[in-house]
Amino acid sequence: MKTLDMTEGKPVRLILKFAVPLFIGMLFQQIYNITDTMIVGYGLGENAVAAVGATSALYSVLINFANGLNNGYGIIISQAFGGRNWKKLRQGFAAMVILDVGITLILTLVSLILLKPLLFWLETPAEIFQQAHQYIAIILAGMITTIAYNMSAGFLRAVGNSRIPLYFLMISCGLNILMDLLFVMVFQMGVKGAAAATVIAQGISACLCLGYITKKYREFLPQKQEWRLSPGLTWEMFSTGLSMGLMLSVFSIGSVFLQKAVNLLDSAIITANTASRKVYELWMMPLATMSTANATFAGQNYGAKKLDRIYLAMRQVIGMELIWSAVSVFIALLTGRILVQILIGTSDPFIIDNAVLNLRICTLFFFPLGALLVLRNTMQPMGYKISPVISSGIELGLKVLFAYAVVPKIGYLGVVITEPIIWVVCAVYLACVFWIGQRKQRREGQKAISHRFSMYRFRKT
């Protein structure tokens, strides 16, 4: 059984050790996403790329909510692991499974019933509507496979094992690419083939992960009586998961409004936006993996009541994210145009110019994005359940504002500047909340020490 205790040792070394497998896993996932886009683009054309891109924001709302729940559940499990509370860890895993099954069934049913009205509301262009509906319907029907993988991978990461989810993800990505080629290029299944390949590959990775947990982590698996949900622990799991789920899904809802504004422009803009996001999301991965690794570090050390280690790690991780942000800007300036052309196989200068514009402006603001990710992922394990959700609410409000008031007036440039502005505003807000909270905590700690000293002197006299 492989675990990683992050409550002892140098924070940066531990975080990097944990983050490297996460990064490689995300890299493979992004390689798959890019390969999938290339297969769809080269095999089916620009409209097919637009059809897949037009539904991405809608899918993100549901998946981010479900994955946010699992991230929240993982925080409680990592705290139990850090505090060596094995009974709570096993009960937490049982609660995670039961909550995930119930929530997945509800999300799948509701999303499939409301799918067509939502696509109409999103102003999905008529020429890509049918392909968009076919693609997203299959993806949503197979949502259980994505959530099952993220649940099992979240459990393994909570106990410090980030390598095994990586290995299974690598297998899944390889199978996904092979099935994409088979279903799209050989069997001529269109976007339905791309969607089916994704669901099947995710199902395989989920089965592999769950099988590994069952075999290698038997002492962490719930015993018969521990499958009966404890109201207190279940509420702790659900409230933390709900906070993380809302934090991730609320800003994704804002992305739905922004996607609607993009869809109202034209198919070429949708293609440009999809291509640029595929590229800069690849460069976001080091920011995301470092902040995710830091969340597990914070959870374990908060459970062990070692707050100084959390503060030190935050400063060091933010410093590393600043360095990567500078590197990203340099890469975008040198290679942005070439990467966009290779990705979607187009020579249309209008598509390429708009994609490169989005790519370059967004990478300029990677540092506030990195700081925002670190703050959100660290504050949750430390008990800040409301402020990260409020920051997502701010993001939602700004995206709606830009979608209805800015984009119609200045066009795609309004879309391009929306997220960089949001990253700055939300990072500043959370930094202020965290600073105020830590000052208050230190004052209360000093008062407690002073009170104990006064009581000691009183007893002596």
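## Basis

The model is predicted: local features need pLDDT of at least 70, side-chain atom pairs count only at pLDDT 80 or more, and totals for chains, interfaces and linings use all residues. Residues are numbered from 1 along each chain as its sequence is written, and side-chain values use heavy atoms, without hydrogens or water.

## Overall fold

The protein has 16 helices and 0 strands. Both are DSSP runs numbered from the N terminus: helices are H or I, at least four residues, and strands are E, at least two.

The C-alpha atoms fill a box of roughly 85 × 50 × 40 Å along the principal axes.

## Confidence

Mean pLDDT (the predictor's confidence in each residue, from 0 to 100) is 81 for the protein, and 91% of the residues score at least 70. Helix α13 (residues 349-364) has the highest confidence, at 88. Helix α2 (residues 46-54) has the lowest, at a mean of 73.

Residues 448-458 stay under 50. Where pLDDT is low, the predicted coordinates should not be read in detail.

## Helices α4 and α7

Helix α4 (residues 86-113) packs with helix α7 (residues 143-158) at about 160°, with the axes 10 Å apart. Axes are lines fitted to C-alpha atoms over the stretch in contact, and angles run from 0 to 180 degrees between N-to-C directions. The pair is therefore roughly antiparallel, a label for angles over 145 degrees.

Residues in the contact include Leu-89, Phe-93 and Asp-100 of α4, and Ile-147 and Phe-155 of α7.

Conventions. Contact = heavy atoms within 4.5 Å. Parallel < 35°, antiparallel > 145°, perpendicular 65-115°, else oblique.
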